Amino acid sequence: MLAQDSESGEVTTDLIDVGNGISDADYAEKDVRNKLVLAAQQPEAVARIAVEKHGAAGIISYAQNQHQAWWGENENLLRWGHLGTFAAKPAFAFMITLKQACAFQQRLAAGEHILLHANIIAGKTNGAYQIVTAVIPGGDPVLKDQEIVFSCHLDHPRPGANDNASGCATILEIARSYAKLIVEKKIERPARTLRFVWPPEIEGTLAFLTARDDIRKRIKSAIHLDMVGGGPETKSVFHITRGPASRPSFVYDVADYFGKLVNRETALFAGTGSAAFPLNSPDGGKEPLRAELAHFSMGSDREIYTESSFGIPAIYFNDRPDRYIHTNFEALNFVDGRRTVHEIRDLLSGAYGPVPEDMIQEYFTALESIGVIRKRWYPTIDLAKID
Ligand SMILES: [Zn+2]
């Protein structure tokens, strides 16, 4: 697999094993000029020495996944890699599995010359961010000018089922569910406008909030989903993450409240077969959601929303760790759709704001209308209009 930011090139040359490939010692007594280097680290770091200092033609990297408890255990993982976007000297790199790398190393150690042919057609051109957004207009004549954003990120060098097709698909499903329920008059149109955004990660959100000041000023809160399809296979724990303590908001307390509610009710249902709000659906799982209510941490687009330039409170939903993140194993068969059902319900509960009294009633109206809460709980909800 070609690494991100590779440049065009064609070469037929020897492969040289340089170990990690990121220190001068790795190149001692090795002539890598115009050769391909086999390296254990990410191409960007390897290129600074192999290409820029020693004139290597290109890089074959078997960089392993992000460090976690399962690091290096699976020899068939193929991680996506990258070179420096603004590197001093253009280069190309391929990513291979640990299994392929070990096979090359055994042959090289036995004294064999391995001649490889590489032919790359790649490059960079100027472009523009295209950011898809959709809105469900609010119904209140005044409050409709305020927006609640559902966010995700659409891009990645290699598309990943969990990171982040799961987040993109989930907010699409939330939008679809809301729109359908409003059209069918099963729920009231929300007071505030709901906006759904599918941007490139980080830079896309930054560009969006900067270029569209008119929209940015209307956003009162964001709900960001990045990796919401984890499960037992990926070893993940679902997190509902608050914003920074330096920018307090009641929005985080609402998220905390609903996280605890879903944890408690799904555990009760899983353990006893009944609960006031079982929060499952006929095609969903019956297992409990054990969301961790987490303090702020950096990463993904929600840090752009909460950053003081914009100062928008943003709740962050994510499944971590993921032993397959950014690899070829990040595939649909490891994504837990049943978990996502819970998360959709959980997210729907966070869509309205920012007046807590109104919000809680509206939340439950929405939840009940899609059949996830079967009993009246909040005393002022009018169930008559819900079938
Ligand atoms: Zn992501």
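Me: What makes the place of Pro321 a loop, and between which elements does it lie?
Reply: In this predicted model, Pro321 sits in the loop that runs between β12 (314-320) and α8 (337-348). Helices and strands are DSSP runs, and residue 321 falls between the two runs named here.

Me: What is the peptide bond from Arg320 to Pro321, cis or trans?
Reply: The bond from Arg320 to Pro321 is cis, with omega near -10°.

Me: Which residue does a cis peptide bond join to Asp163, and where does that residue lie?
Reply: The cis bond joins Asp163 to Asn164, and omega there is about 5°. Asn164 belongs to helix α3, which covers residues 161-183.

Me: What is the phi of Asn34, and where does Asn34 lie?
Reply: Phi of Asn34 is positive, about 60°, although Asn34 is not a glycine. Asn34 lies in the loop between β1 (9-17) and β2 (36-39).

Me: Why is Ile202 not given as buried or as exposed, but as partly exposed?
Reply: Around Ile202 there are 15 other C-beta atoms within 10 Å. Buried needs 20 or more, and exposed needs 12 or fewer. The count of 15 lies in between, so Ile202 is partly exposed.

Me: What is the phi of Ile202, and where is Ile202 placed?
Reply: Ile202 is not a glycine, yet its phi is positive at about 60°. Ile202 is in the loop between β8 (193-198) and α4 (203-211).

How values were computed
Residues are numbered from 1 along each chain as its sequence is written. This is a predicted model: local features need pLDDT of at least 70, side-chain atom pairs count only at pLDDT 80 or more; totals for chains, interfaces and linings use all residues. Helices (H or I, at least four residues) and strands (E, at least two) are DSSP runs, numbered from the N terminus.
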